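Subject: Structure handover and notes

Dear colleague,

I am passing on the structure that we spoke about, together with some notes on its fold. Please look through the sequence and the coordinates before you read on.

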Amino acid sequence: AIGTISLWNFNDDDNMCEVGYGLFSNRGNGYMAEALNAVLKYGFGTIELAKIEAFTNKVNESSISLLKRCGFIFVKDFKEEYTSSGIPMDMVIYKSEG
């Protein structure tokens with residue numbers, strides 16, 4: 001495996017979910033863009049979601065660039081107070097709508 005991607009945290013009331021992904025190696029080869037586009041096609045086409053959101057660290061330029069390349073648009077930024085490290089992080093939310 002070179003990475004993971006999943007739809008999760010489904011909200012049936014708003015017909016939406018989050019996408020989460022991580023790439024372990026082979027960065028810059030387009031694999032995650034290919035995977036994300038396939039997951040978007042599945043989410044909007046097969047299970048007919050209205051919206052898919054992605055949360056990422058505000059300084060994660062690679063993730064933000066990927067989201068923009070795949071058609072996501074900026075929603076808002078916020079501070080995540082409760083993290084596994086105990087150190088608050090500045091986060092951003094992007095969305096894609098079907």
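This is a predicted model: local features need pLDDT of at least 70, side-chain atom pairs count only at pLDDT 80 or more; totals for chains, interfaces and linings use all residues.

Residues are numbered from 1 along each chain as its sequence is written, and side-chain values use heavy atoms, with hydrogens and water left out.

The sheet

Helices (H or I, at least four residues) and strands (E, at least two) are DSSP runs, numbered from the N terminus. Five strands form an open sheet with mixed pairing, in the order β1-β2-β3-β5-β4, where two strands are said to pair if DSSP finds at least two bridges between them. The edges are taken by β1 and β4 (73–80), each of which has a single partner strand, so one side of each is left without a neighbour in the sheet. On average, and with direction ignored, neighbouring strands of this sheet are turned by 25 degrees against each other; axes here are lines fitted to C-alpha atoms, for helices over the stretch in contact, and angles run from 0 to 180 degrees between N-to-C directions.

By contrast, β2 and β3 run parallel and are joined by three bridges, with E18 having E53 in β3 as its bridge partner. From β2 the chain crosses through α1 to β3, and this β-α-β crossover is right-handed, in the sense that, with the strands pointing away from the viewer, the path from the first strand over the helix to the second runs clockwise.

The helices

Helix α1 comprises the 16 residues 31–46, which at 1.5 Å a residue should span 22 Å, and its end C-alpha atoms are 22 Å apart, which agrees; the expected span is 1.5 Å times one less than the number of residues. Its buried residues (buried being under 20% relative accessible area, exposed over 50% and partly exposed in between, with a 1.4 Å probe and protein chains only) are M32, A33, L36, V39, L40, G43 and F44. Seen down the axis of α1, these buried residues fall within an arc of 130 degrees, so they line one face of the helix, the arc being that of the directions from the helix axis to the C-beta atoms. E34, K41 and T46 are exposed on the face turned away from that buried side. The cover over the buried residues of α1 includes β1 (3–11), β2 (16–23), β3 (51–57), α2 (61–69) and β5 (89–97).

α1 lies across β1, β2, β3 and β5, at about 30 degrees to β1. α2 also packs on the sheet, where it touches β2, β3 and β5 (contact means heavy atoms within 4.5 Å), and its direction makes about 160 degrees with that of β3.

Two loop residues

N15, in the loop between β1 and β2, has a positive phi of about 55 degrees although it is not a glycine, and is partly exposed at a relative accessible area of 31%. E48, in the loop between α1 and β3, likewise has a positive phi of about 55 degrees without being a glycine, and counts as exposed at 58% relative accessibility.
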